[in-house]
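I'll jot down what I looked up, pair by pair.

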Amino acid sequence: FVYEVFGDAQATADAGLPLSDEQRARMRQAATWVQEIAGDIVMFAHRWAGSATVRVPSALGRCVRDAAVATQHALIDRMTLVEAAPAIVPGYQKS
């Protein structure tokens, strides 16, 4: 999904055309979705790694902290999914 959305936007930009509101909304939607999934994956690994990720400096510990911060970033906030809807829904109505 992420490759498709950003690939479509890149093709539009390469053609010298402006991005549509729907393309911009889908990029926000894809960024939010992929960060949510990445956070889930990192937390899964963290739970299975035990306390070593917290008490000993480790790459996984850093990933846990980074993922926790990233999921709270304004660009990735879950409200971006709601805010993207007005630009995306009309595309489904055309079908």
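This is a predicted model: local features need pLDDT of at least 70, side-chain atom pairs count only at pLDDT 80 or more; totals for chains, interfaces and linings use all residues.

I started with Arg 26 and Glu 22, which both sit in helix α2, four residues apart, about one turn of the helix. Residues are numbered from 1 along each chain as its sequence is written, and side-chain values use heavy atoms, with hydrogens and water left out.

**Salt bridges**

How many salt bridges does the rule give? I got two, taking a side-chain nitrogen of Lys or Arg within 4 Å of a carboxyl oxygen of Asp or Glu. One joins Arg 26 to Glu 22, with the closest N and O atoms 3.4 Å apart. I then checked whether each partner is buried (under 20% relative accessible area), exposed (over 50%) or partly exposed (in between), using a 1.4 Å probe and protein chains only. Arg 26 is buried at 17%, whereas Glu 22 is partly exposed at 27%.

Asp 66 bridges to Arg 62, and there the closest N and O atoms are 3.0 Å apart. This pair lies in helix α4 (residues 59-70), four residues and about one helical turn apart. Asp 66 comes out partly exposed at 38%, and Arg 62 is partly exposed at 48%.

**α1 against α2**

I looked next at helix α1 (residues 2-14) and helix α2 (residues 21-49), whose axes come within 9 Å and cross at roughly 150°. That makes α1 roughly antiparallel to α2, as angles over 145 degrees count that way. The axes are lines fitted to C-alpha atoms over the stretch in contact, and angles run from 0 to 180 degrees between N-to-C directions.

Which residues make the contact? From α1 I listed Val 2, Val 5, Phe 6, Asp 8, Ala 9 and Thr 12, and from α2 Gln 23, Arg 26, Met 27, Ala 30, Trp 33 and Val 34. (Contact means heavy atoms within 4.5 Å.) These contact residues divide into eight nonpolar, two polar and two charged. Arg 26 turns up here as well as in the bridge to Glu 22.

**His 46**

Is His 46 buried or exposed? Buried, at 18% relative accessibility. His 46 lies in α2. Leaving aside neighbours within four places in sequence, I found His 46 in contact with Thr 53, Val 54, Leu 60 and Val 64.

How values were computed: Helices (H or I, at least four residues) and strands (E, at least two) are DSSP runs, numbered from the N terminus. Angles under 35 degrees count as roughly parallel, over 145 as roughly antiparallel, 65 to 115 as roughly perpendicular and the rest as oblique. Ala, Val, Leu, Ile, Met, Phe, Trp, Tyr, Cys and Pro count as nonpolar, Asp, Glu, Lys and Arg as charged, and the others, Gly among them, as polar.
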